[in-house]
Amino acid sequence: MLGEILQWQYPADAVLSHWFRGHSNAGLRDRGEIAEAVFDVLRHLRRYRQFAESGAGAAARRLAILGLASVWPRETLDTGLDDQERRWLDHIEAFSPAGLPRSVRYSIPDWLEARLASVENVESLLQALNQPAPLDLRVNPLKTDRASLLQAWEQGPEARWHAQPTRYSPWGLRIEGRPPINRWGAFERGEIEVQDEGSQLLAALVSPRRGEMVIDFCAGAGGKTLLLGALMHSTGRLYAFDVSAARLARAKPRFARSGLSNVVPVVISEHHDQRVHRLRGKAHRVLVDAPCSGLGTLRRNPDLKWRQHPDALTQLCAAQAAILRDAAACVRPGGRLVYGSCSILAEENERQVEAFLSEHTEFALLEAGPVLAERGIPLSLDGPYLRLRPDVHGTDGFFGAVMQRALVRPAEPGPVADSETSGDEPAGSDDPEPQD
C-alpha cells in the first residue's frame, strides 16, 4: 500500500481508503495507527529515504519501520524486527538531523525550498507543516451557538474529547484526537461540521448579510457555503458554483442537514458559462476560494508536496487568474469580492491579487483586519491581507484578500470620458436562476 502511494498517481487518503475497504478485518484502532504511520512517512519522506539508504533489504520496508516507530512503542515494534533491523533503528534514533540540509531536514522538494526562501521564519513554518493537524469543528449558527454546545458536551460522552473554543473564529471548536464525528448527535442534527479555523475566517471576510445575493464561486464540498448561508440566516440567494458535479453532489447532503433553504448548487463549465454570464454585475458578494497547490494544508495532506511540481503550479496560477476575472464580473457596483487560497506561495496569493487590481481599476483593496473586527474576530494582521500560518495562528496556511467594486466604474483614459453605462452594470432588476 505504501509503495502504491509513493507512485503519486492518486491522493494518499484515496489509496488508504481503497486499501481499508479491501482489508475490512482491520479494526478502528489498527486503521488509525496505519494511517498515522503512512502520513508520518509522507511528512518526513526525504529525510527517511536518506536514513533508509544505510539499511539493508527492501527500501519500502525500512520506510514503513520508520513510520511505525512514530506510532508504536519501541518494544512493540521490536517484536516484528530482526536483529539487523533493530541495530539499524537504534542507529537512526540516535542520529541528530540538525546537521542535514534544510530541504532534507524538513523533507521538502528543492523547488519548494527555493520558493519559500524569502518567507519570514521559514524553518518555524516548515516544522509546523510537518506536524499533524488538530481537528477543528464549526457550529452551525443557524441551529445553535458554541457556548450552548460546549455546555451540553460537558455532560455527555463528548466530554472525553476536551472540546475548546478556537482562538479566533467565534464559531470554531478544537478537539483532541480523532473521534467518530459523523456518529455524534450534533453532527446528525446539522449542528456541527468539520472545518479548519482558517477556512472559517476566510468565509468571515465575505461577511454576507440577510437578503443578499452571494456567490461561492468554487464551492467544492460546500464547507464555506454552509457558513455563508448560516450567516445570511438562510435568506436571500446563495449560489454554490463548481465545475465538478461530483463535488457538488457530495455537498448536497451537507446542505440538507444544515437546514439551509437559500443554497442553489450549480455545476458550471470552466469557460464562458452562460449561467455565470447572466449574473454579471448582480451579486452583492462573491467568494473565490481558488483551486490551488494546497501547500498550506500539508499538515493534513503531506503528499501534496511530492505530488505538486512547478509546471503544474504555473497552470494553476493561470487558472486562478481566469477564475478571478470571471468571478469579478458578477460583482455589482459597491459589492465585495473575496479571493482566497490554502497556499503559502506568493504567486498564488499576493501576486494574483496585485495582477488583478492592476487590470481592474474599478476594484480597490480593503484591509482584512477591520473586516474581521466587524465580526468580533480579534486578529491583528500585518498589512491588508489575511495571512494565516500553522506556527503562528495554529491554523492551516490560508490567504485572503478583500476587494470592493466602485459604485461608478472609472472612465477609460482618453480625451473624452465615456458616459455610457458599463457592460458590467446590472442589466435590470430581474434575478435569473441558473439551473443545474
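A pocket is an open set of grid points where a 1.4 Å probe fits, with protein on both sides within 12 Å along at least five of seven lines. In this predicted model, the second largest pocket holds about 680 Å³ of space.

The lining of this pocket comprises 27 residues, and those lying nearest its centre are Val 119, Glu 120, Glu 350, Arg 387 and Arg 389. Two or more lining residues come from each of the elements α19 (350-359), β11 (386-388), α21 (390-393) and β12 (398-405). The table divides the lining by residue class.

| Class of lining residue | Count |
|---|---|
| Nonpolar | 12 residues |
| Polar | 7 residues |

The largest of them has 51 residues, and the members that touch the most others are Trp 153, Ile 192, Leu 205, Leu 379 and Leu 386. Helix α13 (residues 197-206) supplies the largest share of this core, with 6 residues. Another core, of 31 residues, lies apart from it and includes Met 213, Val 266, Val 276 and Ala 328.

Beyond its neighbours within four places in sequence, Trp 153 is in contact with Leu 137, Glu 158, Ala 159, Ala 163, Leu 173, Trp 184, Ala 186 and Ile 192.

An open sheet of 4 strands is also present, with antiparallel pairing and the order β2-β3-β1-β4. Its edge strands, β2 (164-165) and β4 (192-194), each pair on one side only. Strands β1 (residues 135-139) and β3 (residues 172-175) run antiparallel and are joined by 4 bridges. Gly 172 in β3 has Arg 138 standing opposite.

Conventions
Residues numbered from 1 in each chain as written. Predicted model: local features only at pLDDT ≥ 70, side-chain atom pairs only at ≥ 80, totals over all residues. Heavy atoms only, no water. 1 Å grid on protein atoms, 1.4 Å probe; cavity = no way out; pocket = protein on both sides within 12 Å on 5 of 7 lines; lining within 4 Å. Points joined across faces, edges and corners; volume = space filled by probe spheres on them. Nonpolar A, V, L, I, M, F, W, Y, C, P; charged D, E, K, R; others polar. Core = buried A, V, L, I, M, F, W, Y, C linked by side-chain atoms within 4.5 Å. Buried < 20%, exposed > 50% of the residue type's maximum accessible area, 1.4 Å probe, protein only. Contact = heavy atoms within 4.5 Å. Pairing = 2+ DSSP bridges.
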